[in-house]
Amino acid sequence: MIFLMDLQMMLLDVVYFILRSCLRIVLRPRTKPIDGELVLITGSGGALGRLFALEFSKHGAEVVLWDFNRETNEETAKMVRAQGGQAHAYTVDVTNREEVYRTADQVRKEVGRDVTYLVNNAGVVAGERLLDCPDTMVERTLKVNCHALFWTVKAFLPQMKAKNHGHIITIASVLGLFSTACVEDYCASKFAAVGFHESLAHELLTEEDVDGVKTTLVCPYVVDTGMFDGCRIREEVELILPPLEPLYCVQQAMNAILIDQPLVCIPRLTYLPFLARALLPWESNVATYRFMGSDQCMYPFIETMRKKRAANGPIKAA
Ligand SMILES: NC(=O)C1=CN([C@@H]2O[C@H](COP(=O)(O)OP(=O)(O)OC[C@H]3O[C@@H](n4cnc5c(N)ncnc54)[C@H](OP(=O)(O)O)[C@@H]3O)[C@@H](O)[C@H]2O)C=CC1
Ligand SMILES: CC1=C(/C=C/C(C)=C/C=C/C(C)=C/C=O)C(C)(C)CCC1
């Protein structure tokens, strides 16, 4: 009897949340205020990290900027201050566990309060076919895009839990939900990031006294930041699915964060290949990939990366 009542309640919940999600597309819920929050962003010297810093600051938050590129990170801090915000820049390699824990303590002492929002945004890609990809590059991708999430979350989650207030945001990728050829390192690391994030979200949901700690998983499609320069799908399909403008991507992610949305794929159209991967036979997906030119979409990207590496020299391993 209890089982049947539980089943009925669960089905009602399922239908309620489906309807609520549909309604939220048309009637945007009220966003939560974040003025006075302390937001830490990793990879803040990069394109999306910088825009996140500027957007969070526009909403009244104070930002802590972590990047291992001192110059670009300082530049972000300057831009935040120029728009009247407060920023603290730290040069950190997020793959270095001790450095993460040490700098987290330093932030606590110097800024004088706990980080309440953590945006794990730092990310890299090897940009090489598997058999041509040096092992150190594979390791670097996994360390930056996946291992670092463990170190930063372990550094900041305890205070969020203690105060029952906080928000953990993971900038993953649609390539953490479905894959394509020649980005084995990246897909492995982003699928891992999605797995890490979702398991953490479930863990927090099972602990009743931490319902004030929220999570948002952000999965963007190609963004025009330079990171995936050259990535191309079939021209006709690209007309309905062009690379995203970086600011649009960050604003969509901000909307999701500010309404405590647990997952956002940007644009919404990319929920379809995610569903297709789960529902259709493998061969059907292969057929759609071929039709859309997404089976070989990374070929020109790899050529572009090779040219970039030839011009700038090899990338330092993390
Ligand atoms: N661009 C795209 O098409 C998409 C990107 N994403 C994800 O969005 C995030 C941001 O991407 P985007 O802004 O385009 O990339 P960028 O390369 O512009 O920014 C990434 C930043 O992370 C920094 N970084 C790299 N390694 C470390 C490290 N070990 N410690 C600290 N900082 C580090 C980089 O420093 P440095 O410049 O010195 O390398 C850079 O400043 C990434 O996680 C990416 O995977 C998701 C979907 C699509
Ligand atoms: C595979 C695939 C597609 C193309 C996806 C691409 C090109 C994704 C690139 C994502 C990037 C670069 C993410 C970075 O984090 C389509 C056309 C949606 C159709 C279905 C399958």
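In what order do the seven strands of the open sheet lie? The order is 3-2-1-4-5-6-7, and the pairing is parallel. Strands here are DSSP runs (E, at least two residues), helices likewise (H or I, at least four), both numbered from the N terminus. Two strands pair if DSSP finds at least two bridges between them.

This is a predicted model: local features need pLDDT of at least 70, side-chain atom pairs count only at pLDDT 80 or more, and totals for chains, interfaces and linings use all residues. Residues are numbered from 1 along each chain as its sequence is written, while chains are lettered from A and ligands numbered from 1 in the order in which they are written.

Strand 3 (87–91) and strand 7 (263–266) each pair on one side only. From one strand to the next, the twist averages 15°. Angles run from 0 to 180 degrees between N-to-C directions, with axes fitted to C-alpha atoms, for helices over the stretch in contact.

Now look at strand 5 (residues 166–171) and strand 6 (residues 213–220). Six bridges join them. Ile171 has Val218 of strand 6 as its bridge partner. Helix 6 (residues 184–206) lies across both strands, at about 160° to strand 6.

Helix 5 (residues 135–163) comes next. Its axis and that of helix 6 come within 8 Å and cross at roughly 15°. The two helices are therefore roughly parallel, a label for angles under 35 degrees. Residues meeting there include Leu149 of helix 5 and Phe196 of helix 6; contact requires C-beta atoms, placed from the backbone, within 7 Å.

Note on methods. Contact = placed C-beta atoms within 7 Å. Parallel < 35°, antiparallel > 145°, perpendicular 65-115°, else oblique.
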